[in-house]
Amino acid sequence: MTATGGVPGAVPTGEAHAPGARGPKGTIPLAVPNIGELERRYVLEAVESGFVSSVGPFVSEFERRFAEKVGSKHAIACATGTAAIHIGLILLGVGRGDDVVCSDFTFVGSVNPIAYCGARPVLVDAETTTWNLDPVLLAAELDRRAAAGEAQPKVVEIVHVLGQPADMEPLVDACERHGIPVLEDAAESLGATWTAGRYAGRHTGTVGRIGCFSFNGNKIATTGGGGMIVTDDDDLAARARHLTTQAKVPDVGYLHDEVGYNYRLTNLAAGLGLAQLERLDEFVAAKHRIATRYDEAFADLPLVLPPRVDGLAATYWLYSVLMPAEDGRGRDEFLGHLTGLGVGARALWRPLHAQPPFLTAPVLGGAVGDGLFGRGLSLPCATDLSEADQERVVLSVRSFFS
Ligand SMILES: *Cc1c(COP(=O)(O)O)cnc(C)c1O
């Protein structure tokens, strides 16, 4: 048994995250970046090259390699995942007064950009198989609007939560039937794929007109802060580059032909990102190993374990379980028990329909998201979580039920 990173073949990082990354009193963190020698080398190279800002060789190399990895024609690096979604919505024509459908059960970063555009989110509940946007509710709403002669949403934003791909075929079918473009929020699902059906072999984020990713510190691969837009559409890609660089017209002195954004990723951050991308398969394998270990260790407990769905290759970005509905004790009691034992567990998100800025947004369903929030929590699953710490998580969870 080793006390340090338990990932075979990993660049040796030991315990060398940011000082204090393990949290107060040796708490096992929920998810921390896995930064090693390769990352150090590329970032140093960026520093020494003098290209530290939003122009530089690492940015274009990161974009090229990212597009290659997920199988999209273009990739445009952005300052954050939220910025990527904001630009993605603008690219698809979202503006003041439009409706945009979005998953109700997701992180707020999915929906804030809809508000930035002056549009109105229409929140659609999750289904219980993948915990993602319910295709039945979506189809019913789009069909209802068509029958009533109401305006359709400008975009349907499909989120793949917790590294779990959505049930994409019926979602896309409903959107195509009504001519509505799909934007995928793949912020949490880099590395996840479909393995059967129409999208077999495809990565999340590459099925819709536009896909968006995040490289925030807690995501499976990080640039410190960053995001990516992917698309197969040449015109959308060109316009994404234009809008993220202050809408500057190339080769003309300070001419900006529309209101743009300073949303480009820096070369420093891209150096970090390129190293992380080269290690992505290692990270996905580590998440799988941890998920399998936990699944086996909890198989006899009354917990609902993360979805394992045929045809979907999830990454288990955050390994999340649900308290049994029939257990008299609540999720908070479970969370308190784990926290007391130094296990950095965290509740799943409060659904968007219950968030103050979105209380007036139309919502279809909502009970599934309420249940996921009320019963769900995520367990520590950093890609370099040691064997010993995994064992501590297992014993801490088991002791709640014994
Ligand atoms: C992290 C996240 C975002 C936002 O990404 P940032 O890089 O933090 O701006 C958006 N959507 C989802 C689902 C996320 O998890």
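Let me start in a loop: Gln246 is found between α7 and α8 (267-278). Helices here are DSSP runs of H or I with at least four residues, strands are runs of E with at least two, and both are numbered from the N terminus. This is a predicted model, in which local features need pLDDT of at least 70 and side-chain atom pairs count only at pLDDT 80 or more, while totals for chains, interfaces and linings use all residues. Residues are numbered from 1 along each chain as its sequence is written, and side-chain values use heavy atoms, with hydrogens and water left out.

Gln246 has a phi near 60°, a positive value in a residue other than glycine. Is Gln246 buried or partly exposed? Its relative accessibility is 37%, so Gln246 counts as partly exposed. The cut-offs are these: buried is under 20% relative accessible area, exposed is over 50%, and partly exposed lies in between, with a 1.4 Å probe and protein chains only.

Trp131 sits in the loop between β3 and α5. With 5% relative accessibility, Trp131 counts as buried.

I turn now to the sheet. Eight strands form an open sheet with mixed pairing, in the order β1-β8-β7-β5-β4-β2-β3-β12. At its edges stand β1 (74-78) and β12 (363-364), each with a single partner strand, so one side of each has no neighbour in the sheet. Two strands are said to pair if DSSP finds at least two bridges between them.

Consider β7, residues 210-214, where five of five residues are buried. In a regular strand, side chains alternate between the two faces of the sheet. In β7, Ile210, Cys212 and Ser214 point one way, and Gly211 and Phe213 point the other way.

Which strands pair with β7? Strand β5, residues 182-185, pairs with β7 in the parallel sense over three bridges, and Asp185 stands opposite Cys212. Strand β8, residues 227-231, runs antiparallel to β7 and is joined to it by four bridges; here Cys212 stands opposite Ile229. Strand β8 is also joined to β1, again antiparallel, by five bridges, with Ile76 opposite Ile229.

Two helices lie across these strands. Helix α7, residues 234-244, lies across β1, β7 and β8 and runs at about 15° to β1. Helix α5, residues 135-148, lies across β2 (99-103), β3 (120-124), β4 (155-159) and β12, at about 130° to β3. Contact here means heavy atoms within 4.5 Å; axes are lines fitted to C-alpha atoms, for helices over the stretch in contact, and angles run from 0 to 180 degrees between N-to-C directions.

Finally, the ligand. It is surrounded by 16 residues, the closest being Thr82, Asp185, Glu188, Ser214 and Lys219; a residue is near if one of its heavy atoms lies within 4 Å. Helix α3, residues 81-91, gives the largest share of this shell, three residues.

An N or O atom in the side chain of Asp185 is 2.7 Å from a nitrogen atom of the ligand, and one in the side chain of Ser214 is 2.7 Å from an oxygen atom of the ligand. The protein covers 93% of the 380 Å² of accessible area that the ligand has on its own, by the Shrake-Rupley method with a 1.4 Å probe.

Technical notes:
Polar contact = N/O pair within 3.5 Å; in protein donor to acceptor, adjacent residues only side chain to side chain.
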